[in-house]
Amino acid sequence: RASSYRVLQFIHQDSCPAPLPFMILLPLLLALPPLGLRRPAPLARRCAPQVALVPRNRVACYGCGAELQADVAGSPGYMEPERYEMKRKRRQLRETLCDRCRRLSSGEILPAVVEGRLKRPSGAAVGEEGRGITTPEALRGVLLPLRERPALIALLVDLTDVAGTLLPRVRELVGGNPILLIGTKLDLLPRGTEPERVADWLRGAARKIGGVVDVHLVSSKSGDGLQAAARALLAERRGRDLFLLGAANVGKSAFLQSLLPLVSPATPRHLPLSASTPGTTLSLLPIDCFSGGSQLYDTPGVHLHHRMSARLLPAELAMTMPRGRMRPYTPREAAAEGTSFFWGGLARIDVVSAPPALRLTFCTGGSRLRLHECPTAEAAEAHAARAGIEWTPPQDAASAAELGELQLVRTARLRLTPCEQAADLAISGLGWVSVGCLPTLQQGALEATLAVWVPRGVEVFVRPPMPVGGLPTVGSEA
């Protein structure tokens, strides 16, 4: 409009009447925006609230977010018809858990997602007990609207399984929205771990994501780090919706339950269910805890095919779940050339070549996951004979046969430095092996070659060493 106003000023200064054609065009000139600028949106459209992602009239299970129904047993949100009708008549459906969530709350492990060995053979009934009720693709589809919606993303990553829970392609789901990275389960890291060093290490691991505005480490159990994380989320939110996003079983629902009292004066009576089973949340779960119409959303976990958990049966999954603080284990004897180590019957690490000062430290939260050792020349036969019998998980010989032979997926050649950790060999969904070197008088370059074998489909990552407590090279730098 400034250019139009300048024309009017020029006419006024000359004190002469404007030509008739110009007077006809003048209203059109005044309606045009300034050159090079876009016309601003009408005020009503700019101030209009965003379309709700979850209709307010939708009646859903408050534990998992699935719409309640009594028609298809074994499907998301199913309730027994008698119980459904009773709750409907009493107008209590919004305060009700579906049948699956009721069983989860009592401690049962009921996988929801059809993946890995849970995939049904052709013609099997949907919702067959123990076979899942949805697919990874269906859950991922629930998250796609995030790309087009201004929001703050709280991306959660499990500190006991960073390789298996850090989402490298998260931008496909959230677009250009800012991300605040939150490491969960801080209380499960080994004693002596310095959170500040782990936070710096996690910042480096997250560089490939881009757009990470801050990093915080928290424990939903002990409360450590929660207040700082809550302040950061409130400061970065700026009136936008807040979405809790992460891989399956990363601890989103537990984090939400601990976060709400810190960000909202009134905590809702019924909160999303927190359970140890991956895939507890099946849909978006909105919570009205902010003023101005924006909401906090719990979201379904992203299921990654390369995790060990995608290859395990429910009983085997329970064997690998953390039961307490991690206790890294370093064998007393040197990891000699020609030695193979087995993590239960799920992973094998071969020492192909190494100096006597090499030390391998095994880090996992699975208290029932035992370490076994044998000569590499006998490793294949030993695994075939003992997996599922003496070496568990797998839970039995039949499950071991179904899981199949271990596959060589990574050979790592590492340069060693005395009194330092060289790298981690991280097995997605299981744990990691920290490779270090003790003081030595050996001259020349120190190198080690290690081979990692896992079930088909599971990935192994070589990464900078995570600076946790309990490693043999005390005072090592990350």
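Which residues are exposed on the other side of α13? They are Ala380, Glu381 and Ala384. Exposed means over 50% relative accessible area, buried means under 20%, and partly exposed lies in between (1.4 Å probe, protein chains only).

## About the model

This is a predicted model: local features need pLDDT of at least 70, side-chain atom pairs count only at pLDDT 80 or more, and totals for chains, interfaces and linings use all residues. Residues are numbered from 1 along each chain as its sequence is written, and side-chain values use heavy atoms, with hydrogens and water left out.

## Helix α13

Helix α13 spans residues 379-386. Helices (H or I, at least four residues) and strands (E, at least two) are DSSP runs, numbered from the N terminus. Ala379, Ala382 and His383 are the buried residues here. They cover an arc of only 100° around the axis, which puts them on the same side of α13. The arc is taken from the directions that run from the helix axis to the C-beta atoms.

What covers these buried residues? The cover includes β7 (339-343), β8 (347-353) and β10 (371-375). Just after α13, Gly388 takes a positive phi of about 85°.

## A buried loop residue

Thr280 sits in the loop between α11 (252-263) and β5 (285-287). Thr280 is buried, at a relative accessible area of 7%. Contact means heavy atoms within 4.5 Å. Leaving aside neighbours within four places in sequence, Thr280 is in contact with Cys64, Arg100, Leu104, Leu273 and Ala275.

## The four-stranded sheet

An open sheet of four strands runs in the order β9-β13-β12-β15, with antiparallel pairing. Two strands pair if DSSP finds at least two bridges between them. The edge strands are β9 (358-363) and β15 (460-463), each pairing on one side only. From one strand to the next, the twist averages 20°. Axes are lines fitted to C-alpha atoms, for helices over the stretch in contact, and angles run from 0 to 180 degrees between N-to-C directions.

Strand β12 (residues 420-427) pairs with β15 in the antiparallel sense over four bridges. Leu425 has Val462 as its bridge partner in β15. Strand β12 also holds Ala422. Ala422 is partly exposed, with a relative accessible area of 27%. Ala422 and Ala448 are 26 residues apart in sequence and 9.8 Å apart in space, C-alpha to C-alpha.

## Cysteines

A disulfide is a pair of cysteine sulfur atoms within 2.5 Å. How many disulfides does this rule give? The count is zero. Cys419 is in no disulfide; the nearest cysteine sulfur, that of Cys437, is 7.7 Å away. Cys419 is partly exposed, at 38% relative accessible area. Cys374 counts as buried, at 8% relative accessibility.

## Aromatic pairs

Rings of Phe, Tyr and Trp (its six-membered ring) pair if their centres lie within 6.5 Å; planes under 30 degrees apart count as stacked, over 60 as edge-to-face and the rest as tilted. The count comes to four aromatic pairs. Phe243 and Tyr297 form a stacked one: 4.5 Å centre to centre, 5° between the planes. Phe243 lies in strand β4 (residues 241-246) and Tyr297 in strand β6 (residues 296-298), so the pair ties together parts that are 54 residues apart in sequence. Both Phe243 and Tyr297 are buried.

Ring pairs also link Phe341, Trp343 and Phe362 into a cluster.
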